[in-house]
Amino acid sequence: MSLSRLAVLVSTALIGFGLPMPAAAVVPLAAREDSPTAVNWLERAAAAPDRVSYHGTQIITSWGPTGASSAMLDIVHAASQGSEISVVGSGSSPGAKAFVQRANHTEGPTVDGGPLALLRATYELVYKCCTDTIGRAAVLVEALRGDKTLAARFWIDKATGLLLQRELFGPDGKTMVRATVFTDLDIEDSEFIGHLPPMAPGGVEAVGMNKVDSLRSQGWTCSPSLPSDLQLYDVHQDTASKSLQFSYSDGLFNVSLFEQRGELDPSAVAGYTGITTEEGARVYQRYGMPSYAMWSSDGIVYTLVGDLPYDQLTKVVAAFPHQPPPTVTAVQRVGTGLAKMAKWLTPMGALSWKLG
């Protein structure tokens, strides 16, 4: 994190607490400089799925307030087509299957769903040299926060550049909040998926970041940034419902915010935990892979889907408007369909509505 950026954060915090600004705040901070070798390996990891075909088993685990949730996925990846993903072990949807098309990279190179540009902008990248995992020689790259706590570890295959394992840690740098691990991996000389399973939910079109100001003037909530260093980097619109999807990330964690005109139907969020905000509005949350939060305010239904740690997800939800809803008719209400239009960048995201 740069000194100027930290100064802005300190200033914002002081303003938030109503405290006067010091004449000249001097904040000691170690100089930050990414390792060129670490950056090169992450760039290679981002490009590898476009040229390497494989078949492997991947386990994804997240830790939340109710304990750990895991899913085992069988992934057949054809570099020229995309990935066929089957749920092998999951308490909610064993046997579910989906196909994710080859990425178009409109948001730039990504590593396990996180834009590489945002990863470089948010964290210090450190090369930790050589290791091995699942019997393959690998390199280890770490991402550090501005206070030098550990945010993530990446194991990258030396031979192919594929990302073999990723671990994400909470703000203390010690508590693991999410892990993605290949337990076995076979590199294929060529791969072709002949009978494609159902596509991930789609029907969306790109809106583009240059339309954000116009959307804001039309009453949509589209902040350029959110708590936990999340930055807005892409906007899409559902072609049928005209609802909007705003994509945020810090390079590690990803959040999609869906907005649609109307009022939330409480009966549509059965199984969610409802909480009442200070403003008197109701927010419905469900933690898992991914986690969901739904609420309505000022005639807009918000559906937030993300892989953030639960405490950070709560801070992100609190950053949005929460006005108590008026009395509405049934036709004005919006159900939970918004969550199903989620177009996730990660392989697991293709099955998020099955796993979550």
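**Entry 1. Aromatic pairs**

I take two rings of Phe, Tyr or Trp, with the six-membered ring used for Trp, to pair if their centres lie within 6.5 Å. By this rule I count 6 aromatic pairs. The model I am reading is a predicted one.

I looked up Y287 and Y310 and found their ring centres 5.9 Å apart, with the planes at 75°. An angle over 60 degrees counts as edge-to-face, so I recorded the Y287 and Y310 pair under that heading. This pair links distant parts of the chain, 23 residues apart. I located Y287 in the loop between β19 (282-286) and β20 (291-297), and Y310 in helix α5 (residues 310-318). I then checked accessibility. Y287 is partly exposed, with a relative accessible area of 30%. Y310 is also partly exposed, at 38%.

I turned next to W295 and F320. Their ring centres are 5.8 Å apart and their planes stand at 55°, so I noted the pair as tilted. W295 belongs to strand β20, whereas F320 sits in the loop between α5 and β22 (333-334); the pair therefore ties together parts that are 25 residues apart in sequence. For burial the cut-off is under 20% relative accessible area. W295, at 0%, is buried, and F320, at 5%, is buried too.

The charged end of R261 sits over the ring of W220, 4.0 Å from the ring centre.

**Entry 2. Nonpolar cores**

Which residues have the most contacts inside the largest nonpolar core? I found F154 and F246, in a core of 48 residues. Helix α2 (residues 36-47) supplies the largest share of this core, with 6 residues.

I listed the contacts of F246, leaving out residues up to four places away in sequence. F246 touches L215, W220, T221, C222, L232, D234, V235, V255, S256, L257 and E259. Another core, of 19 residues, lies apart from the largest one. Among the members of this other core I noted V52, L140, W155 and M289.

Is strand β10 (residues 163-169) largely enclosed or open? I checked each position and found 7 of the 7 residues buried, so the rest of the structure largely encloses this strand.

I then traced the pairing on either side of β10 in sequence. Strand β9 (residues 150-157) pairs with β10 in the antiparallel sense, over 5 bridges. One position I looked up was A152, whose bridge partner in β10 is L168. The hairpin of β9 and β10 has 5 residues between the strands, and within this hairpin G161 takes a positive phi near 85°.

β10 also pairs with strand β11 (residues 176-188), again antiparallel and over 5 bridges. Here I noted that Q165 has V181 of β11 as its bridge partner. The hairpin of β10 and β11 has 6 residues between the strands; in this one G173 takes a positive phi, near 75°.

Which residues other than glycine did I find with a positive phi? I recorded C129, with a phi of about 70°, and K148, with a phi near 75°. C129 lies in strand β7 (residues 124-133), whereas K148 is found in the loop between β8 (136-144) and β9. C129 is partly exposed, at 36% relative accessibility. K148 is likewise partly exposed, at 38%.

**Entry 3. Y272**

I placed Y272 in the loop between β17 (263-264) and β18 (273-276). Is Y272 buried or exposed? Its relative accessibility is 15%, and Y272 therefore counts as buried. I then looked up which residues Y272 touches, not counting those up to four places away in sequence. The contacts are Y284, Q285, R286, Y292 and M294. I also noted A293, which is 21 residues from Y272 in sequence and 8.5 Å away in space, C-alpha to C-alpha.

Notes:
Residues are numbered from 1 along each chain as its sequence is written. This is a predicted model: local features need pLDDT of at least 70, side-chain atom pairs count only at pLDDT 80 or more; totals for chains, interfaces and linings use all residues. Side-chain values use heavy atoms; hydrogens and water are left out. A nonpolar core is a set of buried Ala, Val, Leu, Ile, Met, Phe, Trp, Tyr and Cys residues joined through side-chain atoms within 4.5 Å. Buried means under 20% relative accessible area, exposed over 50%, partly exposed in between (1.4 Å probe, protein chains only). Helices (H or I, at least four residues) and strands (E, at least two) are DSSP runs, numbered from the N terminus. Contact means heavy atoms within 4.5 Å. Two strands pair if DSSP finds at least two bridges between them. Rings of Phe, Tyr and Trp (its six-membered ring) pair if their centres lie within 6.5 Å; planes under 30 degrees apart count as stacked, over 60 as edge-to-face and the rest as tilted. A charge sits over a ring if NZ of Lys or CZ of Arg is within 6 Å of the ring centre and within 35 degrees of the ring normal.
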